[in-house]
Amino acid sequence: MGYSVEALREGLGFGKQVIGLARGDIDRDAVRAELRDYWIRDGLVVFRGSQVTPEFQIALSRVFGELEVHPIPELRSAAHPELITLVSDKNKEGLFEVDGVESVAFLPWHSDLIFVDSINHGGLLTAKTIASWGGQTGFIDQVQAYELLPETLKAEIEGLEIVYQLCVNPGGSRYGTKSRVRTILTGDFEKSVGPRLDTDYPPVVHPIVFVQPDTGRKVLNVSPFGALHILGHDDAAGHALLGRLVDHLTASPAYFHQWQPSEMLLWDNWRMAHCVTGAAPDEVRIMERTTIMGDYGLGRRLHGRQAA
Ligand SMILES: O=C(O)CCC(=O)C(=O)O
Ligand SMILES: [Fe+2]
């Protein structure tokens, strides 16, 4: 076994890095169990120094669960249906001015698939084309964020739920970002999915707090991007509370990954909020990701059945 394991960053409180993992290593049960343990206990695993291929990315993802074909067809990779390709080409994903800087790729803090009733358990991401500036993927641990909440706030949010809906514009969500976002060019994705939001992606509800099944630790289950309001509290007090939670979450310790070639990054999506910083506008940043299945079973549609 030729790989080594270290903390992602001393003092961060989450994350591991696995250096030099080979394709053959993951055929061994002990290695698979060890990697699953890092995923659940540490939330985020950066794999460096591996020979990255789509086949390895898919096989490594399968260590953590079955893979899901992503619900948004526009994102699926033609060559490998288990992969989605995220292409930050201004024509596809749009061009934005973020706090006065023209950028592509900018994506506010979120949990994947929070806009459907069943959120996937994880993702394994690679960078195909790295931006010359920006395009960092940021992570916040929502277990740590929960632990850092004042006790009074923990008591206040117990049992509450948040209503979410898919948002296709990075500046279009009330709690998504405090940055000033101006659309310069609307991308194909927003043009194609935007008009179908209410029919294809009606609002869903997820609990604000849930218990990590394997560890019993509580998670502050807040995804700022796409959050509409606290269920039953779409009023000034409810929005003040949600605003405090979002401020708390986004001020919690964060790790921003500066991509290098031959890296893969795995996260527990039930627990790690993530975001992308804006990147060089005249470049095409390309990422590929798997979607690791699993349903925590606590989300539901707001109004009965979702349109087929
Ligand atoms: O492009 C990235 O760095 C991450 C995008 C993202 O949020 C995801 O893949 O879930
Ligand atoms: Fe994401």
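**Entry 1: Ser262**

I started at Ser262, which counts as partly exposed because its relative accessible area is 38%. For my own use I noted the cut-offs: buried is under 20% relative accessible area, exposed is over 50%, and partly exposed lies in between, with a 1.4 Å probe and protein chains only. Ser262 lies in the loop between strand E16 (254-257) and E17. Strands (E, at least two residues) and helices (H or I, at least four) are DSSP runs, numbered from the N terminus. I also looked up the phi of Ser262, and it is near 60°, a positive value in a residue other than glycine.

**Entry 2: ground rules**

A friendly reminder to myself: this is a predicted model, where local features need pLDDT of at least 70 and side-chain atom pairs count only at pLDDT 80 or more, while totals for chains, interfaces and linings use all residues. Residues are numbered from 1 along each chain as its sequence is written, chains are lettered from A and ligands numbered from 1 in the order in which they are written, and side-chain values use heavy atoms, with hydrogens and water left out.

**Entry 3: another positive phi**

Most residues other than glycine have a negative phi. Next I checked Asp99, whose phi is near 50°, a positive value in a residue other than glycine. I found Asp99 in the loop between strand E5 (95-98) and strand E6 (101-103). Asp99 counts as partly exposed because its relative accessibility is 40%.

**Entry 4: around ligand 1**

Which residues surround ligand 1? I listed Leu86, Leu107, His110, Asp112, Leu125, Thr137, Trp267, His274, Val276, Arg285, Met287 and Arg289. A residue is near a molecule if one of its heavy atoms lies within 4 Å of it. By class, I read 6 nonpolar, 3 polar and 3 charged residues in this shell. Here Ala, Val, Leu, Ile, Met, Phe, Trp, Tyr, Cys and Pro count as nonpolar, Asp, Glu, Lys and Arg as charged, and the others, Gly among them, as polar.

Then I looked up polar contacts, which are pairs of N or O atoms within 3.5 Å. An oxygen atom of ligand 1 is 2.6 Å from an N or O atom in the Thr137 side chain. For the side chain of His110 the distance to a ligand oxygen is 2.9 Å, and for that of Arg285 I noted 2.7 Å. Taken alone, ligand 1 exposes 290 Å², and the protein buries 96% of that. These areas come from the Shrake-Rupley method with a 1.4 Å probe.

Which elements give two or more residues to the shell around ligand 1? They are strand E7 (107-110), strand E18 (272-276) and strand E19 (285-292). E19 gives the most, with 3 residues.

**Entry 5: two buried loop residues**

I went on to Asn269, in the loop between strand E17 (263-268) and E18. Asn269 counts as buried because its relative accessibility is 0%. Its side chain reaches the backbone oxygen of Asn120 at 3.1 Å.

Phe14 is in the loop between strand E1 (4-7) and strand E2 (16-19). Phe14 counts as buried because its relative accessibility is 2%. I also checked Phe14 against Phe56, 42 residues apart along the chain, and their C-alpha atoms are separated by 25 Å.

**Entry 6: Ser132**

Last, I looked up Ser132, in the loop between strand E8 (122-129) and strand E9 (137-141). Ser132 counts as exposed because its relative accessibility is 56%. Ser132 and Glu283 are 151 residues apart along the chain, and their C-alpha atoms are separated by 8.1 Å.

Methods: A polar contact is a pair of N or O atoms within 3.5 Å; within protein, one must be able to donate a hydrogen and the other to accept it, and residues adjacent in sequence count only if both atoms are side-chain atoms.
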